[in-house]
Amino acid sequence: MARGDDKAFKKLYDTFSVKVYNTAISYTQNALDAEEITQDVFTKIYRSAGTFKGDSAVSTWIYRITVNTSLTFIKRKKRFVFFQLSKTKSKTSDFYHPGVLLEKKEEAKMLFKVIDTLSDNQKTAFILSFVEGLPRQEVADIMGLSLKAVESLLMRAKRNLRQKLEKMYPNRKKN
Amino acid sequence: MNDNKEKWIEQVLGSMEGSTRAVPSDQLFAKIKRGLHPKHKTIPMERLRVAVAAAALLFLLNGITIYQQFQGTSTSAETTYLENNGQNLVSNYNFYK
């Protein structure tokens with residue numbers, strides 16, 4: 001792939017596109033934005049495949065690019081919306097994850113609403129662990145943190161989510 | 001009440017259990033490939049808007065400047081005319097009488 005082999009690139013896309021897209025949509029809570037991030041991630045992979053040294057697993061490397069690209073995208077979009085140049089302000093509160101079970105749809109909507117209020121690190125740890133379902137050690141490798149640090153981040157993330165949900169409980173039907 | 005609340009919170013926190021991954025559209029790979037090897041260079045809409053706005057501003061500023069120039073010329077001509085009590089600036093073209 002580093003030599004520009006299109007077949008290898010397609011194979012890599014088939015293996016990782018769903019993982020990249022699913023992670024991206026968990027951050028952006030918007031299908032169009034998630035596709036834009038996926039496109040951006042695979043463009044970066046294609047252009048920088050030659051610089052990949054193999055220090056980590058390919059999946060770790062790709063997840064790392066995805067997380068960074070998603071966080072940068074969100075920051076850029078927030079700035080853009082702040083200056084009111086965009087008319088397509090995303091409505092994150094109405095986001096339904098496409099893969100969620102039908103009977104859990106409403107609960108998942110609430111979950112994504114509160115995930116959006118977490119700090120970048122807590123959000124990343126939570127999304128990779130509970131939406132992507134990655135093992136804690138892989139999450140630690142992606143984030144460049146120790147296993148203990150990730151566990152502590154997850155504990156704080158859950159505590160914060162719980163507090164937010166407690167406040168939302170009386171109005172849960174309206175949301 | 002509290003039991004219900006706790007139950008609900010647990011349900012929300014565990015709502016992604018058993019879910020499947022979201023899948024991108026089938027056209028995305030073709031779009032990525034087009035982006036990697038573009039036949040025609042595309043200009044992002046935002047950049048185009050900024051360029052049009054800059055051109056309009058430049059055009060407007062030029063218009064104002066030209067307008068002011070004309071206004072200035074006619075004003076100074078009027079002033080000179082008035083200073084000479086309604087007489088022409090040069091009434092006699094003969095150097096020697």
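Predicted model: local features only at pLDDT ≥ 70, side-chain atom pairs only at ≥ 80, totals over all residues.
Of the 97 residues in chain B, 6% are buried.

Chain B also touches chain A. To this contact, chain B contributes 22 residues and chain A contributes 32 residues. On the chain B side, helix 1 (2–13) and helix 2 each provide at least two of the touching residues.

Two packed helices are described by the angle between their axes and the distance between the axes. Here, helix 2 of chain A (residues 31–48) packs against helix 2 of chain B (residues 28–36) at an angle of about 50°, and the axes lie 10 Å apart. Because of that angle, helix 2 of chain A counts as oblique to helix 2 of chain B. The crossing of these two helices is right-handed.

Which residues make the contact between the two helices? From helix 2 of chain A come A:Glu35, A:Thr38, A:Gln39, A:Phe42, A:Thr43 and A:Tyr46. Helix 2 of chain B answers with B:Leu28, B:Lys31, B:Ile32, B:Gly35 and B:Leu36. Taken together, the residues of this helix-to-helix contact divide into 5 nonpolar, 4 polar and 2 charged.

How values were computed:
Residues numbered from 1 in each chain as written. Chains lettered and ligands numbered in written order. Buried ≥ 20, exposed ≤ 12 C-beta atoms within 10 Å, placed from the backbone. Axes fitted to C-alpha atoms, helices over the stretch in contact; angles between N-to-C directions. Helix = DSSP H or I, 4+ residues; strand = E, 2+ residues; numbered from the N terminus. Parallel < 35°, antiparallel > 145°, perpendicular 65-115°, else oblique. Left-handed = near helix turned anticlockwise from the far one by under 90°. Contact = placed C-beta atoms within 7 Å. Nonpolar A, V, L, I, M, F, W, Y, C, P; charged D, E, K, R; others polar.
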